[in-house]
Each structure stands twice: as C-alpha cells, then as structure tokens.
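Hi,

Here is the structure I said I would pass on.

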Amino acid sequence: MVEDEGDVCRVCRSEGTEDQPLYHPCKCSGSIRFVHQDCLTEWLRHSKKKYCEVCKYPFSFTPIYDPRMPDTIPIILFLRRGIRRLYGLVQIWFRALLVGIVWLIALPWATVWIWRFYFWSGESIAFSLNGQKLPNRPSDNNIESGEKKWSQYNIFGTT
Ligand SMILES: [Zn+2]
Ligand SMILES: [Zn+2]
C-alpha cells in the first residue's frame, strides 16, 4: 500500500519535512488531502481559485499563510472589538447622563442659588446704604406670629 508509506503532498508528491510540513486545508480525504503550504499557494496563484477543485471547500487563508497562529487570537480580537464597542456605548450613555444631570439638576440648582445671592446682595446693599444692620431672616414662627398679628389687626381694623 502506497498510502501507508507516509503522507505526501498532492501537488509535488513528496513528503512533509520540518521546514515544509504537510497541511490538510480542505475536506478531501485519502492520498490527496495533504499539501505543502508553498505548493498550495503556488497552485492557487496559477489556478486563481480560492477553493478546492475536488471538494469545493473554500480555503481558509489565515491558517495557510500563518499556520502557527493560535486559535485564541480571533476570540481575543472579537472580545477586544466587543469591549471597544461597549466602551463607546458607555461613553455615549455617560455623556447623555452628564447632559441630563447638567440640565435637570445642576442648572436649576445654580439658577436658584444665583437668584438667592442676587436677592441677598440686594438686601445687604440696601440695608448698608441706610446704615442699618441686615435683620435676621424671619423663622417660620415669626412669620406665623406676624401673620396672626396682621390678621388680628385686620380684624380689628374692619370692626
Ligand atoms: Zn508539495
Ligand atoms: Zn479538497
């Protein structure tokens, strides 16, 4: 049996060596399944085909041109791409969140405090111009009692 004597290249009919190992790039079986990398690329260049003429299996070019490439690299690349895409999405969402915080929380808050400062500074200037001390802000109790007095006065005034 010829096949038992060793696998040979389907193009040049010689065995694989350490420098030129035999590859099994398609779904062909039997004596024609093995081929040298250089023989295959040479044959592909001449035939201008990207698939096996016998089994019609499209040749995968990455393992042919770089057979030492580990299988995990495409997964890492895929993950990297996924992470990059996820990072982009997170960035977009973070930006949207930031804009939302600025418009819904920071801007109204700043506006309120600017108006408070505006009124406070106006009061301070008015009182200091009149030579008076800025009165203490009326507490809730004072407002309540003031309203009572005012309403009592109002009642007395009308009767
Ligand atoms: Zn060969
Ligand atoms: Zn084939």
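**Around Leu22**

Leaving out residues up to four places away in sequence, Leu22 touches Asp7, Cys9, Gly16, Phe34, Val35 and His36; a contact here means that the C-beta atoms of two residues, placed from the backbone, lie within 7 Å. Before I go on, the housekeeping: this is a predicted model, where local features need pLDDT of at least 70 and side-chain atom pairs count only at pLDDT 80 or more, while totals for chains, interfaces and linings use all residues. Residues are numbered from 1 along each chain as its sequence is written, and chains are lettered from A and ligands numbered from 1 in the order in which they are written.

Back to Leu22, which sits in strand β1. Is it buried or exposed? Leu22 is buried, because 20 other C-beta atoms lie within 10 Å. (The cut-offs: buried is 20 or more other C-beta atoms within 10 Å of the residue's own, exposed is 12 or fewer, partly exposed is in between, and C-beta atoms are placed from the backbone.) Val8 is 14 residues from Leu22 along the chain, and their C-alpha atoms are 7.5 Å apart.

Leu22 also belongs to the largest nonpolar core, a group of five residues that it forms with Cys9, Phe34, Val35 and Leu40. By nonpolar core I mean a set of buried Ala, Val, Leu, Ile, Met, Phe, Trp, Tyr and Cys residues joined through C-beta atoms within 7 Å. Another member, Phe34, has contacts with Asp7, Val8, Cys9, Arg10, Leu22, Tyr23 and His24, again not counting residues up to four places away in sequence.

**The chain as a whole**

The secondary structure comes to four helices and two strands, in the order β-β-α-α-α-α from the N terminus. These are DSSP runs numbered from the N terminus: helices are H or I with at least four residues, strands are E with at least two. Of the 159 residues in the chain, 6% are buried. Among contacts with a separation of 6 or more, 45% are between residues 24 or more positions apart.

How confident is the prediction? The average pLDDT (the predictor's confidence in each residue, from 0 to 100) is 78, and 72% of the residues score at least 70. Confidence is highest in β2, at 92, and lowest in helix α4 (residues 140–158), at a mean of 50. Where pLDDT is low, the predicted coordinates should not be read in detail.

**Loops and backbone angles**

Two residues sit in the loop between β1 and β2:

- Lys27 is in that loop and counts as exposed, with 11 C-beta neighbours inside 10 Å. Beyond four places in sequence, Lys27 touches Cys55 and Tyr57. Pro58 is 31 residues from Lys27 in sequence, with 9.4 Å from C-alpha to C-alpha.
- Gly30 lies in the loop that leads from β1 to β2 (35–36), and with 9 C-beta neighbours inside 10 Å it is exposed too. The C-alpha atoms of Gly30 and Asp7 are 9.2 Å apart, across 23 residues of chain.

Which residues other than glycine have a positive phi? Arg13 is one, with phi near 65 degrees. Arg13 comes in the segment before β1 (22–23) and is exposed, with 9 other C-beta atoms within 10 Å. Lys56 is another, at about 65 degrees. Lys56 is placed in the loop between α1 (37–47) and α2 (61–65), and is exposed with 10 other C-beta atoms within 10 Å.

Cheers
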